[in-house]
Amino acid sequence: MYLRTEGLTKIYGKGQNEVVALNNATITIGAGEFMSIVGPSGSGKSTLLHLLSGLDRPTKGRVFIGEKDLYALNEKDLSAFRRKSFGFIFQQFNLIPILTAEDNINMPILLDRKQPDKEYLKELSEMLEIKDRLIHLPHELSGGQQQRVAIARALIAKPDIIFADEPTGNLDSKSGSEVMKLLTSTSRQFGKTLIIITHDKKIAGLADRQLSIIDGMVQEVN
């Protein structure tokens, strides 16, 4: 499922306090593509990710997922569409401390009152090398293992698009490299579009395409 924006703009404040966080961004990301978004702190990377994924509404402009106009949906329908179509991975692992790894992974399915697909969970956990850690609580896992659980959670509902905001930011270089290798190989195997915000040039270089943002202006890196 492709993603397309038209004149996407986000403005905070008014008058002298006005800040243009994102300025007239028009981009297209094809189904199954790996896109990295790079830029200095405060450049608008997270703003763009939040607008693409339905976590924040634009000041103006539109986001299309396939033929669906994302922000034409009401909040209830947008929330349901987001749970079904998008997976999220953040720098903070955001695991629920009192739940096992398996229950954390299945949370998006349970929120929609559906039964988890045990075979798919087994396939994911084997690929992400956490099969023997599913009964453990988050504090019993290493940082790299926690992020692998977060990746499995992002994939469990079989979304079309995975959004990742600095997914290796809290990991050492070795764990970060392993997690990125697993994330990219998993997304490719299951045919998922992958959109990553990163400060790491090595990670950005793994992508099919790169977008650069400076002062809210988006351009593709050739």
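A cavity is a set of grid points where a 1.4 Å probe fits but cannot get out, and its lining residues have an atom within 4 Å of a point. In this predicted model, the largest cavity is lined by Gly 32, Glu 33, Phe 34, Thr 184, Ser 187, Arg 188, Lys 192 and Leu 194. Helix α6 contributes most to this lining, with three residues. One cavity of 30 Å³ or more is found in a search of the whole structure.

The volumes and lining classes are set out below.

| Site | Volume | Lining by class |
|---|---|---|
| Largest pocket | about 400 Å³ | ten nonpolar, three polar, three charged |
| Second largest pocket | about 200 Å³ | four nonpolar, four polar, three charged |
| Largest cavity | about 40 Å³ | two nonpolar, three polar, three charged |

The lining of the largest pocket comprises 16 residues, and those nearest its centre are Phe 86, Phe 88, Pro 108, Leu 111 and Arg 153. At least two lining residues come from each of α2 (75-85), β7 (86-90), α3 (101-111) and α5 (143-155).

The second largest pocket is lined by Thr 168, Leu 171, Asp 172, Ser 173, Gly 176, Ser 177, Met 180, Asp 200, Lys 202, Ile 203 and Leu 206. Two or more of these residues are supplied by each of α6 (173-189) and α7 (201-204). The largest share, four residues, belongs to α6.

Technical notes. Residues are numbered from 1 along each chain as its sequence is written. This is a predicted model: local features need pLDDT of at least 70, side-chain atom pairs count only at pLDDT 80 or more; totals for chains, interfaces and linings use all residues. Side-chain values use heavy atoms; hydrogens and water are left out. On a 1 Å grid over the protein atoms alone, a cavity is a set of points where a 1.4 Å probe fits but cannot get out, and a pocket is an open set with protein on both sides within 12 Å along at least five of seven lines; lining residues have an atom within 4 Å of a point. Grid points are joined across faces, edges and corners, and a volume is the space filled by probe spheres set on the points. Ala, Val, Leu, Ile, Met, Phe, Trp, Tyr, Cys and Pro count as nonpolar, Asp, Glu, Lys and Arg as charged, and the others, Gly among them, as polar.
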